[in-house]
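Here is a short tour of one protein model. Please look over the sequence and the fold before reading on.

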Amino acid sequence: NGEPVGSDTSFPYEALLTASASAGSMTVQARATDMGGNVALSNTLVFQVASDTVAPTIVAIDPADGAAAPEGLQQVTVRFSEALAPASVSGSSFRVVTGGQTVAPLGVDLLSEGRLVQLRFAGLAAGDYQLVIDAEAVTDLAGNALGAVDVVSDFTLTSEAVTWINPAGGFWDDPANWAGGVLPGPDDNVV
């Protein structure tokens, strides 16, 4: 219909377009304008649009299932394969639980064009946690549910950490820069 539906001002140039819910054809043409105001149009492309029947999938969870991290964690994120329906993303469909109790987030945000869910916290204390996603309630823009069974991912926050104590900076491999005079190992949490 000639209406702009997306723009991108930085390389690599891309636009994510959402087709109508019904199958049919979609015509796309890109227009580029350089800093001098010169305009060029791409060839007109016609796509046959099919109804979306594919459920979203989880691409990554941070912290990952089984991960250990230092206490004070302020966000838990879940990246999806496609955009989610904003109404399906809430504190009841994405929960962090410890000791059988849900930890109330400061906020639940839908970012990265609807493909990233972020739960924000003031700072979680040391302990064992679970991220619980209500898979039936979480849907993509076409209404396809993530699944039929809750997705559960476990992580642990520890108070045990090796702490940097040199406010002036210094070398990582100098024990004098670390609390207790001990260098952190590959499995240590560093603060």
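Met26 sits in strand β1, which covers residues 24-28. The model is a predicted one.

Which residues does Met26 touch, once neighbours within four places in sequence are set aside? They are Leu17, Ala19, Leu45, Val46, Phe47 and Val49. Take Val46 from that list. Met26 and Val46 are 20 residues apart in sequence. In space, their C-alpha atoms are 5.6 Å apart.

## The nonpolar core

The largest nonpolar core has 22 residues. Val76, Phe94 and Val96 have the most contacts inside it. Five elements are named as giving two or more residues to this core: β7 (73-80), β8 (94-98), β11 (116-124), β12 (127-133) and β13 (151-158).

Val76 shows what such a position looks like. Leaving aside neighbours within four places in sequence, Val76 is in contact with Asp62, Pro63, Val96, Val117, Gln118, Leu119, Phe121, Leu131 and Phe155. Val96, listed there, is itself among the residues with the most contacts inside the core.

## An open sheet

Now to the strands. An open sheet is formed by 5 strands, in the order β6-β13-β12-β8-β9. Its pairing is mixed. The edge strands are β6 (67-70) and β9 (101-103), and each pairs on one side only. From one strand to the next, the twist averages 35°.

Strands of a sheet pair through backbone hydrogen bonds, and can do so parallel or antiparallel. How do β8 and β12 run? They are antiparallel, joined by 4 bridges. Val97 has Gln130, in β12, as its bridge partner.

## Salt bridges

How many salt bridges does a search of the whole structure find? The count is 2. In one, the side chains of Asp109 and Arg120 meet, at 2.5 Å from N to O. This pair links distant parts of the chain: Asp109 is in strand β10 (residues 107-111), Arg120 is in strand β11, and they are 11 residues apart. Arg120 is partly exposed, with a relative accessible area of 31%.

Glu113 forms a salt bridge with Arg115. Their closest N and O atoms are 3.3 Å apart. Glu113 has a relative accessible area of 52%, so it counts as exposed. Arg115 has 28%, so it counts as partly exposed.

## Aromatic pairs

A pair of aromatic rings is described by the distance of the centres and the angle of the planes. The count here comes to 4 aromatic pairs. One of them is Phe80 with Phe94, an edge-to-face pair with 6.1 Å centre to centre and 85° between the planes. Phe80 lies in strand β7 and Phe94 in strand β8, so the pair ties together parts that are 14 residues apart in sequence. Phe80 is buried, at 2% relative accessible area. Phe94 is also buried, at 1%.

Why is the pair of Trp164 and Trp178 edge-to-face? Because the ring planes lie at 90°, with the centres 5.0 Å apart. Both residues are in the segment after β13, 14 residues apart. Trp164 is partly exposed, at 26% relative accessibility, whereas Trp178 is buried, at 1%. Ring pairs also bring in Trp172, linking Trp164, Trp172 and Trp178 into a cluster.

Conventions. Residues are numbered from 1 along each chain as its sequence is written. This is a predicted model: local features need pLDDT of at least 70, side-chain atom pairs count only at pLDDT 80 or more; totals for chains, interfaces and linings use all residues. Side-chain values use heavy atoms; hydrogens and water are left out. A nonpolar core is a set of buried Ala, Val, Leu, Ile, Met, Phe, Trp, Tyr and Cys residues joined through side-chain atoms within 4.5 Å. Buried means under 20% relative accessible area, exposed over 50%, partly exposed in between (1.4 Å probe, protein chains only). Contact means heavy atoms within 4.5 Å. A salt bridge is a side-chain nitrogen of Lys or Arg within 4 Å of a carboxyl oxygen of Asp or Glu. Two strands pair if DSSP finds at least two bridges between them. Axes are lines fitted to C-alpha atoms, for helices over the stretch in contact, and angles run from 0 to 180 degrees between N-to-C directions. Rings of Phe, Tyr and Trp (its six-membered ring) pair if their centres lie within 6.5 Å; planes under 30 degrees apart count as stacked, over 60 as edge-to-face and the rest as tilted.
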